[in-house]
Structures are given as C-alpha cells and as structure tokens.
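Here is a guided walk through a protein model, taken one stop at a time. Keep the picture beside you as you read.

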Amino acid sequence: MVAIKLGVLALQGSFIEHARSIERCGARAVAVRKPEDLEGIEGLIIPGGESTTIGKLMTRYGLDQRIRELAAAGMPVYGTCAGLILLARRVLASSQPVLGMMDITVMRNAYGRQVDSFEADLRIPAIGDTPFRGVFIRAPRIEVTGPGVEVLAELDGKPVLARQGRFLVSSFHPELTGDARIHRYFLNMVSDMAS
Amino acid sequence: MTQEKSGRETGTWTVKKGMAEMLKGGVIMDVTTPEQAKIAEDAGAVAVMALERVPADIRAAGGVARMADPAIIEAIMEAVTIPVMAKARIGHFVEAQILEAIGVDYIDESEVLTPADDKFHINKHAFKVPFVCGARNLGEALRRIGEGAAMIRTKGEAGTGDVIEAVKHMRCMMDEIRRVSGLPEEELMTIAKEMQAPYDLLVEVARTGRLPVVNFAAGGIATPADAALMMQLGADGVFVGSGIFKSEDPAARAKAIVEATTHYNDPEVLARVSKGIGEAMRGIHVGSMREEERIQTRGW
C-alpha cells in the first residue's frame, strides 16, 4: 500500500508536531509554503499558530486561492485552533483574511488569554471510549454551527471538534499530545474520499 | 496548576510550553505604543513585546531599566488581538506577579532590564503565566528551564543591531546539543557538571537530541537576512527588538522580516523581500564595546 501524502501548511505554528503525528500513523507529510507545494497532496492540515500571521502569509503568496480550488474539488482539510479560524466562514469582531469554507461562526481567543489556557478530558465517541486530552491554548470558540455540521465533541455546551463533509476542525491541539486518534480519524476521511 | 470547571486544568507545563510552540516560525516584535503594536500585527508578527523603551534606547538612556508602566502594557493589549509579552527584571518576582495580574501572555525575565537579584532568578514554576528567558549556551538554557522557563531565546547583544552574538549563542547551543546527543549515560553527570546544567534535563537532551522547549533567536537581528540566518542556524523563530522601530521604514521592514522568517530557506524570496525597505538601524559594532557595556553577561 502506498502511504497517504498529506500537506501541512508550514507558514508558521505547530506544523512539525502535526507532521510527526501524521508520520506516526504511517502517512507521509509534506510542508506547504507555496502554492506549488499543494500539488499531489491528498489532504491538508492547517496547524495551530497565530491565525492573523498565517492568514496574511497565505494571501500574500496566493495559497488561499489554490487551497479553495483544491478543497472545492474534494480535498479534505483539517484545521486546529488557528486552522479552525481560517476554515470558518464567519469570524466575529475580525476582518482578518480567512479561507471561509466551513459553515461555522467563530470567536477568537474566546476561552481567554494565556493564563486561562487549559487542559481538559474530552468525550469523543467517534474515536472511541477513552477520553481525549484536549489542550486549549488561547483557543477560539465555535459559537454557531450550520445545518450540515456534525458536532463530534463539546465542552461546557460548545462544540470543540466538528465536521462538515470533508472539513474537520478542533479548537484544541491534538498535535501537542502523544494521542494520534484524531489524526487517524482525519486520515480515514482522506482515504474514504480517495475511494 | 489549578482545577476549574469541567475539570479544566490551567497553568500546566503542556499549555505553557505549547503556547511557545504556536509562535514557532514567527517574529515577535518589540513595541512601545499601541500604534507600533498595530503596525507589528498588520505586518504579521506572531506576538509583540510591550516595552517603555526598545533596548537601543535603554542603552542610550542608561540608569536603571525596570518593568514597563502597566498602563502602557494594557493599552497595547487593548490595541491588538495577537499575544502580548512583557519584560520583568531578573529575579524580580513581584514585577512578574504584576504582569501576571494584568494578564500578559508571556513574561520575558530579561537581562535587557537591570537585574533585581545578583544570585537568583524567578521561580517560574510558581506562576500560571509562562516565561521566556535568555541563554548563551546549553547549560544556561537548562538552568532556566529547570527554574520553569517554557521558552528560551538566545541573548545575543540586545540593542546593537549586530547579529554576531546571537549567532555565537545559537551555534554554541546547537553544538552542545549535538555533542551530548546519544552519549552513553555514564558520561552525562560529568558533562552536566562541566556545563553547570541540571542533570535530568541534560539526560533528556541527550536522549531526544533537542532542547525540551522552543528556542528563538534574539539580540541584534536587524534585517530579513539576519532573521533567515538565525532560522538556518536552527532557531525556531526570532525576536526583533530595536531592529524594526529604529529603522527608516518600520512597516516595510517588519513585513519583510516576517516573510524572511517563514521562507528562510528560499533565497529568491529573501532577495525579493530585502529590496527597497529603507535603511536598517545604524547599530553598534559589538567588538568596539567595553566589557561592562555588554548586557549578555547578566544572568546566573
């Protein structure tokens, strides 16, 4: 079997941690810094980082347009934290550039500043019974989800892991834990898309 | 660590260290006003360091350099959505308590300010807010991590615009990490003694081949090429202090340094972003400085 080739947007942020998590699942990771790096990948991860920085660099180098085209043609995309903000169709109180592909409304830094950053055990039936350790760092909150969005996990009544077809988002950072179950879930989405 | 609603644990090592992971590949810029903070954010900075004076002006002013007025820091926090860091004096744990109380996202226990304690650094484990500290070599980095620092930066020589000391410190740290990587365990205690490094942390470096926390470059970075140089030498990101707002065209330079840090391995991008960004800060040649003018020797 040929290993699945996933792109990780490597403009800034926790892209090395995502690449390591993917490789632990037996897939190949490609660092994406320019539009040409997107060719030949089967799925894309947008990592945690500073969403305003990533958004600006994406636009300056024409990555946003190419990502939208590939996603429209069926490429699965997973965004964590900053990646979630960039995938959202609506970001409250902000005019920063985003991809705007998933039907969710997001509030940046809604869980507070760094002193409020936290860890919490999450119940995620889609990946099994064992709780998943959610690491939330100046995390964005999903305030509203559109009708096509499936909520896969919640914390205090708000979605923290959600899926809409080929798009997956989490407000927490699975790449900072040794637990690769969410990366494996995304890889399954990618192979389902391919078949 | 504190237990809160729905089993939330704040101030854990994972969230402190993880915050620095989110800054990787980015540029943290020194700013002294809300207007400068906006320029930094618009240029694509991943965070700003809120100060009363940039290091070059601290040098020029002389006297005692202390934590900034909290009103200035709060005004900067109001102006931007990106993380805001602030500096406390070495050993001045009350300045750190004040910075934590106003809610800064990271504290730099910094040699750029006048040290408040000639023997001891802050016990950074006692805080929920994470700390970054300067280091010139592996032993110093591991001592700071032992005290609770969740992020390291090279000291370089702040406020000079001369990159040589940052290069020296980054090369030294990388060389020492390579030197201890994969060594048999019986050799590590003696090396820990030589490097004045906490033994357990040195064992971890020997096993993993890398520093346990994110390591940025700082102290003398003034051009896009300087930033890319530090990245190619192994930095996880860069701090630019005086280099931006002491230059001719801060907005253009800030944007160019952000792009150079992301595309540090792409000479064509580096050539393009280096063009037409005005004059860099004038700077001070470190080799011409007297020993007592160097601030990198502060820290124990």
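The paragraphs below go from the chain contact to helix pairs and then to some single residues.

A word on the ground rules first. This is a predicted model, in which local features need pLDDT of at least 70 and side-chain atom pairs count only at pLDDT 80 or more, while totals for chains, interfaces and linings use all residues. Residues are numbered from 1 along each chain as its sequence is written, chains are lettered from A and ligands numbered from 1 in the order in which they are written, and side-chain values use heavy atoms, leaving out hydrogens and water.

Let us start where the two chains meet. Contact here means heavy atoms within 4.5 Å, and the meeting of the chains draws in 39 residues from chain A and 48 residues from chain B. Together, chain A and chain B bury about 3300 Å², with 51% of that on carbon and sulfur atoms. Buried area is the accessible area, taken with a 1.4 Å probe, that two parts lose on being put together, summed over both. On the chain A side, A:R113, A:Q114 and A:V115 provide 19% of the area buried against chain B, more than any other three residues.

One residue to look at here is B:E259, placed in helix α12 (residues 250–262) of chain B. Helices (H or I, at least four residues) and strands (E, at least two) are DSSP runs, numbered from the N terminus. Is B:E259 buried or exposed? With a relative accessible area of 5%, B:E259 is buried; the term covers anything under 20%, exposed means over 50%, and partly exposed lies in between (1.4 Å probe, protein chains only). Setting aside residues up to four places away in sequence, B:E259 touches A:L57, A:R60 and A:Y61 as well as B:R272 and B:V273.

Staying with α12(B), we can turn to a helix that packs on it. Two packed helices are described by the angle between their axes and the distance between the axes. Here the axes are lines fitted to C-alpha atoms, for helices over the stretch in contact, and angles run from 0 to 180 degrees between N-to-C directions. α10(B) and α12(B) pack at about 25 degrees, their axes 8 Å apart. The two are therefore roughly parallel, since angles under 35 degrees count as roughly parallel, over 145 as roughly antiparallel, 65 to 115 as roughly perpendicular and the rest as oblique. From α10(B), the contact uses B:P224, B:A227, B:A228 and B:M231, and from α12(B) it uses B:R253, B:A256, B:I257, B:A260 and B:T261. These residues divide into seven nonpolar, one polar and one charged. In this sorting, Ala, Val, Leu, Ile, Met, Phe, Trp, Tyr, Cys and Pro count as nonpolar, Asp, Glu, Lys and Arg as charged, and the others, Gly among them, as polar.

Helix α10 (residues 224–232) of chain B has several buried residues, including B:D226 and B:M230. Among the elements covering the buried residues of α10(B) are α7, β10 (238–240), α12 and α13 (267–274) of chain B. Just after α10(B), B:G234 has a positive phi of about 115 degrees.

Next, how do helix α7 (residues 164–180) and helix α8 (residues 188–195) of chain B cross, and at what angle? Their axes come within 12 Å and cross at roughly 160 degrees, and α7(B) and α8(B) are therefore roughly antiparallel. B:E176, B:R179 and B:V180 in α7(B) meet B:L188, B:I191, B:E194 and B:M195 in α8(B). By class, this contact has four nonpolar, no polar and three charged residues.

In the loop between α8 and α9 (199–208) of chain B you will find B:Q196, which is exposed at a relative accessible area of 55%. Beyond its neighbours within four places in sequence, B:Q196 is in contact with B:G139 and B:R143.

We finish with backbone angles in chain A. Most residues other than glycine have a negative phi. A:R138, however, has a positive phi near 40 degrees; A:R138 sits in the loop between β8 (132–136) and β9 (141–145) of chain A and is buried at 8% relative accessibility. A:D156 also has a positive phi, near 50 degrees. A:D156 lies in the loop between β10 (150–155) and β11 (158–164) of chain A and, at 43% relative accessibility, is partly exposed.
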